[in-house]
Each structure stands twice: as structure tokens, then as C-alpha cells.
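Dear colleague,

I am passing on the structure we spoke about, with the sequence alongside.

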Amino acid sequence: MQAWHVHENGEPGEVMRLEDAELPTPGDGQVLVKVRAANVNFPDALLCRGQYQVRPPLPFTPGVEICGETEDGRRVIANPALPYGGFAEYAVADSAALLPAPDALDDAEAAALHIGYQTGWFGLHRRAGLEAGETLLVHAAAGGVGSAAVQLGKAAGATVIGVVGGPAKAAVARELGCDVVIDRRSADVVAAVKEATGGRGADVIYDPVGGEAYAESAKTVAFEGRIVVVGFASGTIPSPALNHALVKNYSILGLHWGLYNTKNPKLVQHCHEQLTELAARGAIKPLVSERVPLAEAAAAVQKVADGRSTGRIAVVMEEAAA
């Protein structure tokens, strides 16, 4: 089979190599999965750089989210078990963690349903308790993680404010259903949020960016608001002023979705059932902006690493594409 391998840490476009490889051998409790589509995630770039919380031994194959087919013909969603990731013709996954791919979504869309939407669902519902009628602010609203949160927020009956960088991403955020779109490159985010909310601020803020975005969140969160810390795509990890959280009476909520796979896997299954139902009635649909062949996977990961993508980029196998 063909598989992308990382032999040394660095930028994805420089260290990912497409090579011939032997079929991986599943371990106990694992299965071999034929990859139909693999979604590109920011953690794939972090894995290549050696900056992710999980550091598989070199060489490894990145690709943390796939739609594939098991040997008995089931179409499934899986998080491959590294070092045998999804940017290959075959991957390995834990059999207990396989989820049925929704019939309402094609392979690329199904591959993009898992991490971003599970993170959004847990962040907005399990952690922040988002209610209908509340205002949700989503940073990087046109990106893969942000676009999922926007759709889930609208499905929950919230008013959604999307913050983006540039007019092209602003157009995507509007198409996703944002009620208000703020281009941080041309507008003062804090002033714009206060204007949009009548000075009250946002009830829930979904932040996969960190850095300056977090500073803006602290200035725009409402009384009894909740800031959900999802990641640090900016590369800067903020240091919150806890006295500020006390004075303004808001909560800072951390979210590490991957922990639920070991701490409460039944809740992951429940979430998938909720997402499948939402997809079946058209309330959510992963925004797959590009579908590329396996040979272009490294360039796709680099594009996501550089922040030049909108929605999701999916690596689609030729046979599945046909």
C-alpha cells in the first residue's frame, strides 16, 4: 500500500513523504480499516512538528480522523491508532471506538463529522450548557473546528457571532449561518461584539485560537458567561487573569475531548447519535471546502497548518472518489 510517513519532525510540507509500505498489523482489540477519506486536522500539523500531546514513534503516518471500511464491509468513522494514521490506503483503529458513518453524509463529510463536531457538541452542551436564545461567539468561525461550532450553535437555537480573518472567510461564515460576522482584520472585535449585543456581551465563547482571541473573549463575555478553551491555533497559550473572572463573574472551561474516549466512552457514543440525527435532518453538514487525492495530502496538511483553509480539507481515495 501507499502511506505518508514522517521520519523527522518539522513542517508537514517538508517532512511528510509518500512511500510504499507493508499493510499494518492490528494489535489486540484493533481492526484494519480501508481508508475511504481522511480529514485534515490542525493536530496533524502539530504531530508533524512534534508539538502534539501525543508523540508517536518515528516514522509514523499522520491522519487522525477517517471514514473507512472494515473487512466485514461496514462503513465507519474512526480515529486511527497511531503510528498507523489515516493518510494511507489502510489504517488501524480500536474496534471498540468505531462509529457507524451516517448515511446522510458522503465519505469526505463523514470523515469530517467526528473530532470537530464532537468537540463542538461537548464544548457547547456538556461544558457550557448553551441554551436556546443565548448568544454564542465563535472564533475562527470559517475554520474546521469553528464551522462545526457555528452549525451546532444554530441548531441549538443560539444567536451566533462569527469572528474571522479576511473577506473570503467572512463570506463562508455567512453561508454557515452566522447572524453577525466580524472580520478581525478590518474591525475592532471587542467594539463590534458589544455593539451587536447591546453592550451585554456573549453568553458562550468558543475559542480554538488562544492568544489575542482569548484576550478579546475576556473583554466581551457576558455576566455569567462561559469561555470554552478548545485549543491554541494561534500558537500562543494565554495566561488568564483569575481576578478578572471573579470580578466579571464568568467561567473559564477547558475542553479536552479525547479524554472522554477513556473517561466516559458511552457519552461519545451518545454524542455521535445526536450528531447523526442532526445530519439526517440537515441541521448540520460538514463544510468540505476541498477534496484532494492521497498524493496531495502533505500540501493539504501544510495549508491547514498555515491557516489558509476554510472548513475542512479531505483526502479522498481514488476508488472512493470514483
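This is a predicted model: local features need pLDDT of at least 70, side-chain atom pairs count only at pLDDT 80 or more; totals for chains, interfaces and linings use all residues.

Residues are numbered from 1 along each chain as its sequence is written, and side-chain values use heavy atoms, with hydrogens and water left out.

Across the whole structure there are two aromatic pairs (rings of Phe, Tyr and Trp, the last by its six-membered ring, with centres within 6.5 Å; planes under 30 degrees apart are stacked, over 60 edge-to-face and the rest tilted). Trp121 and Phe122 form an edge-to-face pair, at 5.2 Å centre to centre and 80 degrees between the planes. The rings of Phe122 and Tyr260 have their centres 4.2 Å apart and their planes at 35 degrees, so this pair is tilted. Because Phe122 lies in helix H4 (residues 115–127) and Tyr260 in helix H10 (residues 260–263), the pair ties together parts that are 138 residues apart in sequence; helices here are DSSP runs of H or I with at least four residues, and strands are runs of E with at least two, numbered from the N terminus. Trp121, Phe122 and Tyr260 form one aromatic cluster. Phe122 is buried at a relative accessible area of 0%, and Tyr260 counts as buried at 16% (buried means under 20% relative accessible area, with a 1.4 Å probe and protein chains only).

Asp183, in strand S10 (residues 180–183), is buried yet has no salt bridge, the nearest side chain of opposite charge being Arg185, 5.2 Å away (a salt bridge needs a side-chain nitrogen of Lys or Arg within 4 Å of a carboxyl oxygen of Asp or Glu). A polar atom of the Asp183 side chain does, however, lie 2.9 Å from the backbone nitrogen of Gly166.

In helix H2 (residues 42–49), the buried residues are Asp44, Ala45, Leu46, Leu47 and Cys48, and what covers them includes strand S1 (2–6), strand S3 (30–39) and helix H12 (297–305). After H2 comes Gly50, whose phi is positive, near 75 degrees.

Finally, the count of disulfides (pairs of cysteine sulfur atoms within 2.5 Å) is zero. Cys271 is in no disulfide, and the nearest cysteine sulfur, that of Cys67, is 17 Å away; Cys271 counts as buried, at 0% relative accessibility.

Definitions and conventions. Buried means under 20% relative accessible area, exposed over 50%, partly exposed in between (1.4 Å probe, protein chains only). Lys and Arg count as positive and Asp and Glu as negative; His and the chain ends are not counted. A polar contact is a pair of N or O atoms within 3.5 Å; within protein, one must be able to donate a hydrogen and the other to accept it, and residues adjacent in sequence count only if both atoms are side-chain atoms. Contact means heavy atoms within 4.5 Å.
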